[in-house]
Amino acid sequence: MSSTSLWYATRASGLTALILLTLTMVMGIGTSARLSTRNWPGFAQQELHRRISMLAVVFLGIHVLTSVLDTYVHIGLAAVVVPFTSGYDRFWVGVGTVALDAMIAVWITSLLRGRMRPGAWRAVHWLAYLSWPVALAHAFGMGTDAGEGWVLVLGMLCVASVGAALAWRTWAARRQAVARAGLAATRGVPEKHLSLTGPTNRGSRRA
Amino acid sequence: MIRILVDPVACDAYGYCAELLPEAVSLDEWGYPIVDGAPLPAELVDAARRAARACPRRAITLRKRNPGH
Amino acid sequence: MPSAGDTVSTARGYRLLGHPSDLPGHLAALGPAPLPSRDWSRWREEFVSALEASGLGGRGGAGFPAAVKLAAAHGAGGGGTVVVNAMEGEPASDKDKLLLVASPHLVLDGAQLVAAASGADRVIVCVPAGRARVAAAVSHAMEERLAARCAPASETLVHPPERFVAGEESALVRWIGTGQSLPSFRPDKGVSLQIGRKGALVHNAETLAHVALIARTGPEAFRARGLDEDPGTSLVTVSGAVEQPGVVEADRGTPLIEIANRAVPLGPSQALLVGGYGGAWVGPDHFTTPYASLPLRAVGATAGVGVIVVLGQGVCGLTETARVAQYLAGQSAGQCGPCVYGLPAIAHDVARLARGQVDAGLAARLERRLGQVEGRGACRHPDGAVHLVRSALRVFAADVHAHLRRTPCARRDGPTQLRFPVAAPGVTR
């Protein structure tokens with residue numbers, strides 16, 4: 001493959017991976033916000049989250065492979081996982097490597113989810129909150145297409161959708177916390193003993 | 001004889017089990033699963049396995065129980 | 001094994017209370033604990049069969065046959081732990097506190113015997129934080145035994161938190177191992193408890209005291225009291241509307257009202273609360289029920305943790321039930337949804353019923369929730385609360401009827417005759 005084709009492939013797969021990762025984040029946040037409805041059941045949201053993340057991994061793989069194979073600039077295999085060791089654009093490639101490392105940890109622990117302590121799995125999964133913004137920074141820091149209007153719009157849409165999902169989740173969590181506090185007060189149960197994340201939204205909170 | 005077992009400590013009321021297996025799992029008013037412990041009919045076993053895999057807290061498992069336990 | 005009567009003075013028959021509490025007095029009155037000397041497996045066989053023959057059931061609430069628990073524990077590998085459960089989280093119970101102050105050596109002997117039989121190398125006595133008198137008595141007894149070399153398995157005293165569920169056996173074992181006082185979900189009760197990798201046997205303090213006596217006197221002395229199908233004696237704490245609340249030692253099979261009468265009730269009683277706050281109410285037509293497993297079960301109750309609370313005339317039974325339900329809801333470990341959300345909801349509805357603030361759906365809602373909460377927690381805590389409320393609906397049916405018609409009795413605001421720990425949240429007096 002010519003260097004130019006590889007270069008286009010790297011950029012295209014990178015942007016696609018970014019979109020897919022954004023979707024993965026939105027679905028993941030939605031799952032934890034317990035926004036299930038009859039037509040949009042929770043298990044389906046979770047399943048979609050997993051499958052989109054696998055697709056993201058595929059495109060990420062293409063992105064990494066093509067960038068290493070492209071001999072026009074030297075990136076080198078080690079720089080794929082060791083941050084800030086690339087010959088070309090050490091800093092921004094390194095940023096991408098950091099995002100990738102976090103993603104690999106999330107990915108591997110999710111494959112091994114049944115064999116880990118739930119607490120450990122969750123702790124690693126939270127690296128996703130690190131990985132996504134760092135990936136976004138890498139995309140714009142590399143600068144190749146960052147100046148293009150449509151790419152900027154894409155970036156803003158990514159930020160907006162994750163931001164909206166986070167806002168919704170915070171609001172839902174607040175609503176649950178208020179309900180729990182209310183329950184604790186009226187029932188004379190110490191709130192700290194209501195240690196669960198609470199019932200799904202479809203549970204009745206009357207009486 | 002395959003039966004569904006819910007670990008109430010692990011369960012966090014996600015409700016995926018009831019979505020995937022409404023014939024055998026219903027939810028109480030707070031969103032927690034109610035299973036009756038009866039053996040599963042053969043045609044529900046696959047759905048039950050899916051439900052067990054889907055649970056984010058691994059709270060639902062399938063047990064082989066001999067009658068009389 | 002000594003034959004009945006030759007080591008222990010049985011002039012007054014088998015009894016737990018009334019022995020000297022210091023070590024020299026204890027040894028003079030009862031002799032040393034019959035620990036194994038030479039042939040360990042023969043000793044163990046005789047010991048386990050003596051326990052089996054005695055028919056001793058656990059005195060900690062479940063009533064599980066002591067011999068079966070012991071037999072199942074063997075083979076858990078050498079070096080396990082015997083846990084003496086003296087947590088007594090039940091507010092209405094004092095028997096274990098009393099036993100540890102009055103006869104600590106009986107309890108500790110029992111623990112040593114069980115340790116010897118199960119291959120355990122340490123005994124851990126659990127007394128909640130805040131019970132200074134009990135802790136002092138146990139520490140002193142342990143020091144005496146250490147000096148006199150009566151303790152082949154090492155004996156330590158620990159102080160888990162003072163909460164109702166802290167005395168649940170899996171929560172106790174988990175606290176010892178990890179510091180977290182939370183019950184575990186145990187779908188296979190047959191699998192034994194563990195601390196680290198070694199087995200742990202948990203026994204109520206009173207059960208161990210009986211073990212220590214039976215090992216000395218033989219099973220016949222134990223069986224001489226009580227009934228054939230439920231032999232021996234039990235310690236029962238009697239409280240409530242009585243002049244002389246306290247702990248009595250009663251033969252199994254004694255009619256409930258006779259046990260209650262030893263505390264001198266203040267007047268005619270409305271009901272008896274049997275088994276603890278997770279137990280059941282018994283109404284006047286069943287006051288003569290024998291205090292034994294089967295007869296009690298026939299009237300919807302169990303001996304539980306050895307508690308009888310006498311409900312006098314001054315307060316409505318539904319109000320007292322509402323207070324207990326509120327207390328139990330607050331004592332949830334907080335791990336399981338049906339308990340965390342269900343118990344407070346049930347308590348709330350029972351409180352409304354007691355006050356006569358009834359809506360049309362209350363009776364049906366309460367019934368539904370009672371059915372839904374039962375059996376869906378990791379431990380038996382919610383089951384106890386459900387059991388109690390159901391018994392109240394049965395025994396105080398006349399009051400329920402009146403309260404549902406919004407004509408509650410005048411005694412609904414009566415002061416409580418029950419005891420609640422001062423720190424318990426949300427309980428109205």
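Select helix α15 (residues 381-395) of chain C: this helix lies across strands β8 (271-274) and β9, contact meaning C-beta atoms, placed from the backbone, within 7 Å. The helix runs at about 25 degrees to β9(C); axes are lines fitted to C-alpha atoms, for helices over the stretch in contact, with angles from 0 to 180 degrees between N-to-C directions. Helices (H or I, at least four residues) and strands (E, at least two) are DSSP runs numbered from the N terminus. The model is predicted: local features need pLDDT of at least 70, side-chain atom pairs count only at pLDDT 80 or more, and totals for chains, interfaces and linings use all residues. Residues are numbered from 1 along each chain as its sequence is written, and chains are lettered from A and ligands numbered from 1 in the order in which they are written.

Next, display the open, mixed sheet of chain C, with its 5 strands in the order β7-β6-β10-β8-β9; strands pair if DSSP finds at least two bridges between them. Because β7 (246-251) and β9 (280-282) of chain C are at the edges with a single partner strand each, one side of each lacks a neighbour in the sheet. Within the sheet, β6 (233-240) and β10 (307-311) of chain C run parallel, joined by 4 bridges; C:S239 has C:V309 as its bridge partner in β10(C).

Then select C:V83, among the residues with the most contacts inside the largest nonpolar core, which has 153 residues. Such a core is a set of buried Ala, Val, Leu, Ile, Met, Phe, Trp, Tyr and Cys residues joined through C-beta atoms within 7 Å, buried meaning 20 or more other C-beta atoms within 10 Å of a residue's own. Helix α13 (residues 337-355) of chain C gives the most to this core, 11 residues.

Note on methods: Contact = placed C-beta atoms within 7 Å. Buried ≥ 20, exposed ≤ 12 C-beta atoms within 10 Å, placed from the backbone.
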